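Please keep the structure in view while reading.

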Amino acid sequence: MVGILLLLCIAMFTLYFRESDSGVVHGAQGAVLRVVAPLQNGTARATKPFRDAWNWTADLFSAKSENAKLKRELEQLRAGVASELATQDENAQLRAAVALHDAGIFPGTARLVTARVVARSTTAWYSTVTIDAGGDDGIGLYDAVVNGAGLVGRVTKLEAGAAQVTLITDQQSYVDSMVVPGGAQGIISGSVTGDITMQYVDRNEKVKVGQYVVTSGRAGSIFVRGIPIGQIESVGLQEVELYQSISVRPFVDFRKLDIVQVVLP
Amino acid sequence: MIPNPARTVPEEEPRWWPSPALVARLGVILLVAVLLQTAVASNFRILGANPDFALIVVVCVALLKGSETGAIFGFLTGALVAVALMEPFGLSAFVFVVVGFVAGRYAETADLSHGFAPLVSVFVATFIAGVLLALAQFLLARQVPLGFFLGRVLVPALILNTLLAAPLYLVVRWWLRGGGDLRAVRTR
């Protein structure tokens, strides 16, 4: 019995990588996901106040300088306002998303589809999330995903009512980008640690800590020009290297990812 | 000290097939474990790791119901996790089949009189699952830095999952009370 199950796993795994997205295994995955996604959505919504309270508590430990103030606020949370805070947070996210849209970054023809993150990868090896909008909402493969803070990632798998978004922190994520002001071009790439770096920036380009990094929107890029990505944290330059080593702190807080928008070209 | 299931002589005769009631209970716990794993666990980072509810529940079911049930339950749990996260199909299922079978065989054949079986089993299962998943990533040509894997993936997961093993085991054992003994070989 166990041997059969293991062989079945290997067969499924092999078939998954060999077949196209419309293949048997992908189709079965999509069919089951149609049932599971609403349950995930419900679970994510039901547990959001607890997640917010948890994140809020976690932040307490990293903000010692504001300890007294945060403790007072924690008391308020304990008094039972967690769900109200969750709603406020949701409103803030939506307002930020609208502000990003109003900034005129996206082409006039672009349409934004708002979605909620209902699941996220639990292993350290993948930085992906599942959102509760998919092909039925007009979303296509490789569409850009943003939130109010900036670029989140791109759609990498698509089902009727759900989609997988690969975050820019994933080790197999690469984004055409540029430094502003200045215009130095490079590639933002993720890593297994979740940090992002800007690669292939010519050693002669003047790049400083604190400058912003945005999508470059070069021909062939799947992202439009000017979506905020992050801020330069450090710049390293070895004498023997052709390119600079640039560490970037993303604007998006991926730990608290909740409401996102998919940019339909 | 957690009471040892393997030392309790069941009132019913061992059976190979679970009753419909037990199947229903296993189905509920499967769904809850997958939803907890995909929609909740990833948002809670404790001691540097995310709790692996699915893995712990597979081990608990295997300890309580044996290797065959553990392997099948592991297969279904892994498959459903992959579906819910839209991840490569078959990888999690493979890992959970191995973990479910090993934990089940441990319960069937070892002397578990010290009563720490769930903790030991979850610790070992986390190690096996961590190594297998890392190996798979390596074979898929993804980065697997050894220092990162040991320090920021494996060790935190070992600590956290072992800490969560006892409470989850008690919950699973309470939920699966009755329903017959499916373990193939039992120690007394």
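In this predicted model, strand 10 (residues 228–236) of chain A and strand 11 of chain A run antiparallel and are joined by six bridges, and a hairpin of six residues links strand 10 of chain A to strand 11 of chain A. Strand 11 (residues 243–250) of chain A is also joined to strand 8 (residues 196–202) of chain A, by five bridges, and these two strands likewise run antiparallel. One residue pair from each pairing is set out below.

| Residue | Partner in strand 11 of chain A |
|---|---|
| A:G236 | A:S245 |

In chain B, the axes of helix 1 (residues 20–40) and helix 2 (residues 53–65) come within 8 Å and cross at roughly 155°; because angles over 145 degrees count as roughly antiparallel, helix 1 of chain B and helix 2 of chain B are described as roughly antiparallel to each other. Where they meet, helix 1 of chain B contributes B:L26, B:I29, B:A33, B:V34, B:L36 and B:Q37, while helix 2 of chain B contributes B:F53, B:A54, B:V57 and B:V61. Sorted by class, this contact between helix 1 and helix 2 of chain B holds nine nonpolar residues, one polar residue and no charged residues.

The two chains also touch, with 36 residues of chain B and 38 residues of chain A taking part in the contact. On the side of chain B that touches chain A, helix 1, helix 3 (67–85), helix 4 (91–109), helix 5 (117–139) and helix 6 (146–175) of chain B each supply at least two residues, and the largest share, seven residues, comes from helix 3 of chain B. By class, that side of chain B has 23 nonpolar, eight polar and five charged residues.

Definitions and conventions:
Residues are numbered from 1 along each chain as its sequence is written. Chains are lettered from A and ligands numbered from 1 in the order in which they are written. This is a predicted model: local features need pLDDT of at least 70, side-chain atom pairs count only at pLDDT 80 or more; totals for chains, interfaces and linings use all residues. Axes are lines fitted to C-alpha atoms, for helices over the stretch in contact, and angles run from 0 to 180 degrees between N-to-C directions. Helices (H or I, at least four residues) and strands (E, at least two) are DSSP runs, numbered from the N terminus. Angles under 35 degrees count as roughly parallel, over 145 as roughly antiparallel, 65 to 115 as roughly perpendicular and the rest as oblique. Two residues are in contact if their C-beta atoms, placed from the backbone, lie within 7 Å. Ala, Val, Leu, Ile, Met, Phe, Trp, Tyr, Cys and Pro count as nonpolar, Asp, Glu, Lys and Arg as charged, and the others, Gly among them, as polar. Two strands pair if DSSP finds at least two bridges between them.
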